[in-house]
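Work through the exercises below with the sequence and the model at hand. Each task is followed by a solution in steps.

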Amino acid sequence: MDFNSTVLVTGGSGFIGSHLVCSLVTRHPDWRIINLDNLDYCCSPRSLESVEDSANYTFIRGDVEHRCDFHLAAKTHVETSFEAPASFQRVKHRRDQSFTGSRHQAPHQSQRFVYVSTDEVYGEGLDQVFDESSPVRPSNPYSTTKAAAEYLFPIIITRSNNIYGPRQYTEKVIPKFLTLLRMNKKCTIQGTLPKSRHFLFVDDAINALRLVLEKGIVGEIYNVGTSCEILIMQLAKELVKMVKNVPDSEVNDWLEFVPDRPCVDLRYPISCEKLQQLGWRADVSWTEGIRQTVKWYQDNADYWSDQEPIRSKLEKVTNK
């Protein structure tokens, strides 16, 4: 079968990557979609079951070796980056070598390369909102490696808020809280400072990535943001009410304060006017997005049970 275009996605079996791959395969049957992924612990082959038999989908297991259209392959857990920063640096070094060494030799030559970065490269913003021209001041090993990779070669960069939704691995804050509550354990809140995060539903994030692939300008940076800012404490209480259906007087019984991680940033506010000028808007409200997310985890309680043991990891905490 002849295809009009070929799109290579690295990390296509991860949370964001699998949603992106499924969207591209379904929306563009005339495109060949290649997913290159090494199936790390936070990936599940089940995430691609809906498209694995599609004629325009190809999966390759391995590390990054080719020039690609979307690069999402990365270790993303901030808590783990503090515990094992060397492993994050090794992943970045291997990835960077693969990119620079193969960009002119790969059989698939990309016209546009979208690098999926993070709002954390800006560092903490208490009284300011970051736009794409703001200085980069990463404060943890994860965001430092992301920031460094942005300068490899001419690319389109996206920097997004916290993305959430179905199929996200349980080390991230929303699925972590949901999994703890399902196990009749308390939601663990790091520290006592009022930390908040902006939450963007995965469907809106995928629409942004597809848009910048089509209309983004090489060399430009596009923030992918949302006005939905929620205190982590408020998030935990909301999930307790949804999952445990307890009265307000009992909500605090399901919360536990634990020591903070090093160098925690309180908030990451960003402006996404540049992306909005291309025609993007976040369409999924927090109420609808979290409803869909909670329902998915309730209906798929054993989804991650075949991965490495989750229960021990859940004793650790994250607000990212």
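The model is predicted: local features need pLDDT of at least 70, side-chain atom pairs count only at pLDDT 80 or more, and totals for chains, interfaces and linings use all residues. Residues are numbered from 1 along each chain as its sequence is written, and side-chain values use heavy atoms, without hydrogens and water.

**Exercise 1.** Find how many aromatic pairs the whole structure holds, and classify the pair of Tyr-41 and Tyr-169.

Step 1. Rings of Phe, Tyr and Trp (its six-membered ring) pair if their centres lie within 6.5 Å; planes under 30 degrees apart are stacked, over 60 edge-to-face, the rest tilted.
Step 2. Searching the whole structure gives 10 aromatic pairs.
Step 3. For Tyr-41 and Tyr-169 the centres are 5.3 Å apart and the planes 75° apart, an edge-to-face pair.
Step 4. The two residues are 128 residues apart in the chain: Tyr-41 is in the loop between β2 (31-37) and β3 (57-61), Tyr-169 in the loop between β7 (162-164) and α5 (173-182). Helices (H or I, at least four residues) and strands (E, at least two) are DSSP runs, numbered from the N terminus.

**Exercise 2.** Decide whether Tyr-41 and Tyr-169 are buried or exposed.

Step 1. Buried means under 20% relative accessible area, exposed over 50%, partly exposed in between (1.4 Å probe, protein chains only).
Step 2. Tyr-41 has 17% and is buried; Tyr-169, at 3%, is buried.

**Exercise 3.** Name the residues that ring pairs link into a cluster with Tyr-41.

Step 1. The cluster consists of Tyr-41, Tyr-169, Trp-296, Tyr-297, Tyr-303 and Trp-304.

**Exercise 4.** Find which residue lies over the face of Tyr-222.

Step 1. A charge sits over a ring if NZ of Lys or CZ of Arg is within 6 Å of the ring centre and within 35 degrees of the ring normal.
Step 2. Lys-274 lies there, 5.5 Å from the ring centre.
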